[in-house]
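Please read the following points alongside the sequence and the structure. They are meant for a reader who has not seen this entry before.

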Amino acid sequence: MGPTIYDIARVAKVSKSTVSRVLNNKSNISEESRTRVMKAIEELNYQPSKLARALTSSGFDAIMVMSRSTKTTAGNTFFSEIIHSISMRAEEENFDVILQTSKNSKDELEKCIAKIRGRMIKGILMLSSPANEDFFNELDKYDIPIVVIGKLEEDFQNIYSVDTDNFKDSYDLVQHLIDNGHRDIACLHSSLDYHVSIDRLEGYKKCLMDNGIPLRTDRIIDSGYTMEQAYDASEKLLTSDELPTAIFAIDDLKIIGLYNTAAKLGISIPKDISIVGYNNGIFSPLLSPPLTGIEVPIIKLGEVATNLLFSIIKKQDDQQKPIIVPTKILEQKSVTTIHS
């Protein structure tokens, strides 16, 4: 068992309450007593427990990472990569990371409020932004900084946004297909209860409309969140009577589903069909041919969001405007040009 504040008091020849005041950086103490206590702490190599600090000061040195419902995270490498990025940065600040999942929004909100009231956390990082922002309206009532990796529609006092420009990225990807002669372009998207899915689908639609290409409901396919749903949607599209010339896929689960299903069906990429989309990086080296698409800057998103959260916790920043992390199209081998 390590030394206690009683041991420090004995060595420093002061009272336990004096030691406590020094540990909590109180001002009502003489410089001589403070010096004796600090010297005793050094001699005894005393390490105050986080629990003790939390109970006697402003709470735990911890942040909470919320990944929302597990239905959106299963099999999605984005979440594991960004959690790793956040954890590395938190370690530098000597903060613990609490990972919270939940069964539903009500359960999630109750867990959040309990941790806030219990002073278990000093900030929250959310890894996605739901289209229904009632959740944020409830949490904004509490004086705790929350950084969302995603878009926010409303203005909040304590909630901040770090994101990429999903609408523009999608628009540019579809425009790249159109510039290469494609007009029959299908889209595999995720369910539209998160801003990221909505913005990527809207970018696809707006680009088609701006280029005078009619929208076809049979070319816009909800592919859910899971790998199984991505495979089902890919097979449905690639076995249809009328194969599109190109497909825009909004995340790497759809990309993997398309590549594997195309290989199974003997469909050549890009000879028979061109594919563009978003890639989280891990699977990029495994794709053949290499994908033309947006390489999501996962590590950068995690770093920027965590840096912002810590700067607000330390009251060094009061960033109100959304932070947009830049991206670019990586042109590789999954698109062929159609000559009219």
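**Notes on the predicted model**

1. Arg-219 is buried, at a relative accessible area of 3%; buried means under 20% relative accessible area, exposed over 50%, and partly exposed in between, with a 1.4 Å probe and protein chains only. Arg-219 belongs to the loop between helix 9 and strand 7 (220–222). Helices (H or I, at least four residues) and strands (E, at least two) are DSSP runs, numbered from the N terminus.

2. The model is predicted: local features need pLDDT of at least 70, side-chain atom pairs count only at pLDDT 80 or more, and totals for chains, interfaces and linings use all residues. Residues are numbered from 1 along each chain as its sequence is written, and side-chain values use heavy atoms, with hydrogens and water left out.

3. What surrounds Arg-219? A polar atom of the Arg-219 side chain lies 2.8 Å from the backbone oxygen of Glu-242.

4. For the chain as a whole, 12 helices and 12 strands are found. Of the 340 residues in the protein chain, 49% are buried. Among contacts between residues at least 6 apart in sequence, 68% join residues at least 24 apart. The chain exposes about 16,900 Å², and carbon and sulfur atoms supply 51% of that area; accessible areas come from the Shrake-Rupley method with a 1.4 Å probe, and for residues only the protein chains shown count as cover.

5. How many salt bridges does the structure hold? The number is 17, where a salt bridge is a side-chain nitrogen of Lys or Arg within 4 Å of a carboxyl oxygen of Asp or Glu. Side chains of opposite charge can pair when their charged atoms come close.

6. One of these salt bridges joins Lys-141 and Glu-138, with the closest N and O atoms 3.3 Å apart. Lys-141 is exposed, with a relative accessible area of 61%, while Glu-138 is partly exposed at 33%.

7. Another joins Asp-210 to Lys-206, the closest N and O atoms being 2.9 Å apart. Both residues sit in helix 9 (residues 195–210), four residues apart, or about one turn of the helix. Asp-210 is partly exposed at 43% relative accessible area, and Lys-206 is partly exposed at 34%.

8. Glu-235 forms a salt bridge with Lys-264, with 3.4 Å between the closest N and O atoms. Glu-235 lies in helix 10 (residues 227–238) and Lys-264 in helix 11 (residues 252–265), so the pair ties together parts that are 29 residues apart in sequence. Glu-235 is partly exposed at 34% relative accessibility, whereas Lys-264 is exposed at 57%. Elsewhere, salt bridges that share partners join Asp-184, Arg-216, Asp-218, Arg-219 and Glu-242 into one network.

9. Is helix 8 mostly covered or mostly uncovered? Helix 8 is mostly covered, with 10 of its 14 residues buried; among them are Tyr-171, Leu-173, Val-174, Leu-177 and Ile-178, and also Asp-169 and His-176. Helix 8 (residues 166–179) reaches 20 Å from its first C-alpha to its last, close to the 20 Å expected at 1.5 Å a residue; the expected span is 1.5 Å times one less than the number of residues. Just after helix 8, Gly-181 takes a positive phi of about 95 degrees.

10. Six strands form an open sheet of mixed pairing, in the order 7-6-8-9-10-12; two strands pair if DSSP finds at least two bridges between them. Strand 7 and strand 12 (329–330) are the edge strands, and each pairs on one side only. Strand 10 (residues 292–295) runs antiparallel to strand 12, and two bridges join them. Ile-294 stands opposite Ile-329 in strand 12.

11. Strand 3 (residues 123–126) and strand 4 run parallel and are joined by three bridges. Ile-124 stands opposite Ile-146 in strand 4. In strand 4 (residues 146–149), Ile-146 and Val-148 point one way and Val-147 and Ile-149 the other way, and all are buried. In a regular strand the side chains alternate between the two faces of the sheet.

Note on methods: Contact means heavy atoms within 4.5 Å. A polar contact is a pair of N or O atoms within 3.5 Å; within protein, one must be able to donate a hydrogen and the other to accept it, and residues adjacent in sequence count only if both atoms are side-chain atoms.
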